[in-house]
Amino acid sequence: MQLQENKIWIDGCFDFTHYGHAGAILQARRTIPRDATDGELLCGVHNDYEITLNKGPPVMNSEERYAHTESNRWCSSIIRDAPYVTDPKVLDSYGCKYVVHGDDITLDAQGNDCYKEMKDLGRFRVVKRTDGVSTTDIIHRMLTQKYDYDDTLPNIELMSRYASDSNGYDPRCWVFDKAQDKILVKGTKRSDTVGQIIIIGDFDLFHMGHIEQLRNAYEKVYRNFEIIIGLKKLDNNNCKTIMSMKERLLSILSCKYIDGIIIDPIVDGNNFIEIDDCRLKLDGKFSYLTKQTIMSRIESQRDLYIARNLKKGMSY
């Protein structure tokens, strides 16, 4: 297959997907010119076996990680079972000329650079790794139950980037502060909608249990309505969430099944519905997945995650 300049590959574990992962996908998409009509971003996702062999077991299983990555607005398609060490022959088979990765080095089980062959071929593009967020830090919070994070909102420029359309440039999602008369980021309205529905929740550890419900709302239950997220600052017990407002806001903005977000919404009117409402679940494939499910996975292998985090500089 002929290699195409604007057909780009990015790969990863995409475990415990957070806005850093979404940001890498967005940056990869933005290596394609804004006006390119042939632009595609293929996201290769490693399976559980490959990840366990090279860095230890993932928190989220393959199907959860495949589906979460596929829900990203800038991802054109996913490739399941992508090799952990990026193989140019695999990229060749999809017509992808370049692979994109952050400016950190990823090593395999033998300590070798996973992208060395692509670098040697001149088919490696580097983007900046997203600072201030990591799976390690989020797991650390769960292990210690200390949520000492900076809870300020991201700046408007960063919100606007994550609110962009599938090409990574044009406006797409709205961002409001408390009510829709205070616009932080201006988006676009879908032409086929007749109203809006606001889905309320804290969306902590934003996961496929949430995303599946948003997809049901967007494609089935409320398909003629704009899907707006009402992102609560605190959880249902008025306690701090595990993830900060910034982490949750940017993660949700990357999801292709929403049209906008209201930060810390004032709830009035009758067009509000809570996340996890039975009307959104529809006996979905990921209905078993909750914040508590994820926390239990971490706790059940507490010693393993503490040992892993100690190697990364955390203290307990």
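Two strands count as paired here if DSSP finds at least two bridges between them. Helices (H or I, at least four residues) and strands (E, at least two) are DSSP runs, numbered from the N terminus.

Now the ground rules. This is a predicted model, with residues numbered from 1 along each chain as its sequence is written. Local features need pLDDT of at least 70, side-chain atom pairs count only at pLDDT 80 or more, totals for chains, interfaces and linings use all residues, and side-chain values use heavy atoms, with hydrogens and water left out.

Let's start with the sheets. In general, strands of a sheet pair through backbone hydrogen bonds, either parallel or antiparallel.

A word on angles: axes are lines fitted to C-alpha atoms, for helices over the stretch in contact, and angles run from 0 to 180 degrees between N-to-C directions.

Look at β4. It runs parallel to β1, and 4 bridges join the two. Gln 4 has Cys 96 in β4 as its bridge partner. Ile 8 stands opposite Tyr 98 in β4. On to β5, residues 124-127: β4 pairs with it in the parallel sense, again over 4 bridges. There, Val 100 has Arg 125 in β5 as its bridge partner.

Is β4 enclosed or open? 6 of its 7 residues are buried, so β4 is largely enclosed by the rest of the structure. Buried means under 20% relative accessible area, exposed means over 50%, and partly exposed is in between (1.4 Å probe, protein chains only).

Next, the other open sheet. 6 strands form it, in the order β7-β6-β10-β9-β8-β11, and the pairing is mixed. The edge strands, each pairing on one side only, are β7 (179-185) and β11 (272-274). The twist averages 30° from one strand to the next. Inside this sheet, β9 (residues 225-231) and β10 (residues 260-263) pair in the parallel sense over 4 bridges. Leu 231 stands opposite Ile 263 in β10.

Now salt bridges. How many does the structure hold? There are 25 salt bridges. Each is a side-chain nitrogen of Lys or Arg within 4 Å of a carboxyl oxygen of Asp or Glu.

Take Arg 297 and Glu 64: they form one, with the closest N and O atoms 2.8 Å apart. Arg 297 lies in helix α11 (residues 291-300) and Glu 64 in helix α3 (residues 62-70), so this pair ties together parts that are 233 residues apart in sequence. Glu 64 is buried, at 2% relative accessibility.

Then Asp 264 and Lys 178, whose closest N and O atoms are 4.0 Å apart. Asp 264 is in the loop between β10 and β11, and Lys 178 is in the loop between β6 (174-177) and β7, so the pair ties together parts that are 86 residues apart in sequence. Both count as partly exposed: Asp 264 at 28% relative accessibility, Lys 178 at 38%.

Lys 281 is partly exposed at 27%, and so is Asp 276 at 45%. Shared partners also build a network: salt bridges join Asp 177, Lys 178, Lys 182 and Asp 264.

Last topic: pockets. Rolling a probe the size of a water molecule over the atoms shows where empty space is left. On a 1 Å grid over the protein atoms alone, a pocket is an open set of points where a 1.4 Å probe fits, with protein on both sides within 12 Å along at least five of seven lines; lining residues have an atom within 4 Å of a point.

The largest pocket holds about 1,200 Å³ of space. 43 residues line it, and the closest to its centre are Lys 55, Asp 104, Thr 106, Arg 129 and Lys 312. Elements giving two or more residues to that lining include β1 (4-12), β4 (96-102) and α12 (302-311).

The second largest pocket holds about 320 Å³. Of its 18 lining residues, those closest to the centre are Asp 202, His 210, Asn 236, Asp 276 and Lys 291. Helix α8 gives the most to this lining, with 3 residues. For both volumes, grid points are joined across faces, edges and corners, and the volume is the space filled by probe spheres set on the points.
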